Amino acid sequence: MDKLTEIMAHTREQLAPRLRPVSEAELARFGERPRTGPGFIESLAKAPGLGVIAEIKRRSPSAGQIAELPDAEEQARKYLNAEADAISVLTDEKYFGGSLKDLWTVTDFIGDHRRSTPCLRKDFMVHPIQVLEAAEAGARCILIIVRALKDDEIARLSDAAGLAGLDTLYEIHTAPELERALRFEPEMIGVNNRDLARFRTDLAFSEELIPQIPRDILAVSESGIFTPEDGMRVFEAGAKAVLIGEALMKQEDPGQLVSALHELE
Ligand SMILES: O=C(O)c1ccccc1NCC(=O)[C@H](O)[C@H](O)COP(=O)(O)O
């Protein structure tokens, strides 16, 4: 079994005890709520140069331990100081050391500091209950990993996100996945440079696929970005934003890399 299949099976198992039907009304309660600050896509679209989604990532299956982080607030503070355009919070516990509590901590911290940086609930979404949890915790976006889901599951998650007023990051890694994603009329597509089944990471995936994404869809390049030069490669391919975990987690001051990416032209 490859790693992504293993993670998806674990996610479904973990989810089983809290699975229940989620009504449209429950989701719409969040969609109808007035919100302060820009939405997730909006924040990336208005960023100078390359927008930055800064990820809170303690560990990963490919990198192992990345950072000791007793409290997600500490990293959220660094990312707000760095002027990141959005924050991604990994909420999977077993493989990434995150939790839904981290997401609550980060969104509360942002609100307490009168900031409006939007957050992504980064998890292996399979059921609308996870979308509801994301909205309750104050996220503005969810992730849909196209290769991990059947079409009807994607449609159900995407409808739930729409009702809850959340943006969706459709993640792809190959041309056939891009073709599938386009059927759901996405406003944002992320090309993951990491093959989640085998862990090979190569920015060439963004260079090949981002030019094939229609220009009216915001293109994000995800994974394996460590330097402004890496940013330049994907910017030249047409990316409007990058999603960075490991490189920013390992820096005392993530602001230097964020500024360099904002300055690209
Ligand atoms: O990062 C992994 O090892 C991984 C393994 C299996 C499924 C997902 C995985 N990562 C999720 C991500 O997409 C990355 O955390 C994100 O793009 C940031 O990547 P990086 O900047 O390389 O930390």
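Leaving out residues up to four places away in sequence, Val126 touches Met8, Arg12, Leu15, Leu149, Arg156 and Leu157; a contact here means heavy atoms within 4.5 Å. The model is predicted, so local features need a pLDDT of at least 70 and side-chain atom pairs count only at pLDDT 80 or more, while totals for chains, interfaces and linings use all residues. Residues are numbered from 1 along each chain as its sequence is written, and side-chain values use heavy atoms, with hydrogens and water left out.

Let us stay with Val126 for a moment. Val126 sits in the loop between E5 and H6. Helices (H or I, at least four residues) and strands (E, at least two) are DSSP runs, numbered from the N terminus. With a relative accessibility of 4%, Val126 counts as buried. On this scale buried means under 20% relative accessible area, exposed means over 50%, and partly exposed lies in between (1.4 Å probe, protein chains only). Val126 and Arg147 are 21 residues apart in sequence, and their C-alpha atoms are 12 Å apart in space.

One of the partners of Val126 is Leu15, a residue of helix H1 (residues 3-15). Is Leu15 buried or exposed? Leu15 is buried, at a relative accessible area of 2%. Beyond the residues up to four places away in sequence, Leu15 touches Val126, His127, Ile129 and Gln130. Leu15 and Gln130 are 115 residues apart in sequence, yet 8.7 Å separates them in space, C-alpha to C-alpha.

His127 belongs to the loop between E5 and helix H6 (128-136). His127 is buried too, with a relative accessible area of 12%. Apart from neighbours within four places in sequence, the contacts of His127 are Leu15, Leu19, Arg20, Val22, Arg156 and Leu157. The side chain of His127 also reaches the backbone nitrogen of Ile129 at 3.0 Å. A polar contact is a pair of N or O atoms within 3.5 Å; within protein, one must be able to donate a hydrogen and the other to accept it, and residues adjacent in sequence count only if both atoms are side-chain atoms.

Now to the ligand. There are 20 residues around the ligand, and the closest are Glu55, Lys57, Ser62, Arg194 and Ser223; a residue counts as near if one of its heavy atoms lies within 4 Å.

| Residue | Distance from a side-chain N or O (polar) atom to a ligand oxygen atom |
|---|---|
| Ser60 | 3.4 Å |
| Lys122 | 3.1 Å |

Taken alone, the ligand exposes 510 Å², and the protein buries 99% of that. These accessible areas come from the Shrake-Rupley method with a 1.4 Å probe; for residues, only the protein chains shown count as cover. The ligand takes up the space of the largest cavity. On a 1 Å grid over the protein atoms alone, a cavity is a set of points where a 1.4 Å probe fits but cannot get out, and a molecule sits in one if more than half of its atoms lie within 2 Å of its grid points.

Ser223, one of the closest residues to the ligand, lies in the loop between strand E9 (218-222) and helix H10 (228-237). Ser223 is buried, at 12% relative accessible area. Its phi is near 80°, a positive value in a residue other than glycine.

Where is Arg114 found? Arg114 is in the loop between helix H5 (100-112) and strand E5 (119-122). Arg114 has a positive phi of about 50° although it is not a glycine, and at 78% relative accessibility Arg114 counts as exposed. Arg115 is found in the loop between H5 and E5 and is partly exposed, with a relative accessible area of 31%. Setting aside neighbours within four places in sequence, Arg115 is in contact with Leu80, Glu83 and Ile110. From Arg115 to Phe235 there are 120 residues in sequence and 27 Å in space, C-alpha to C-alpha.

Lastly, Leu257 is part of helix H12 (residues 255-262). At 5% relative accessibility, Leu257 counts as buried. Neighbours within four places aside, the contacts of Leu257 are Phe226, Thr227, Pro228, Ile244, Ala247, Leu248 and Gln251. The C-alpha atoms of Leu257 and Leu203, 54 residues apart along the chain, are separated by 17 Å.

Technical notes
On a 1 Å grid over the protein atoms alone, a cavity is a set of points where a 1.4 Å probe fits but cannot get out, and a pocket is an open set with protein on both sides within 12 Å along at least five of seven lines; lining residues have an atom within 4 Å of a point.
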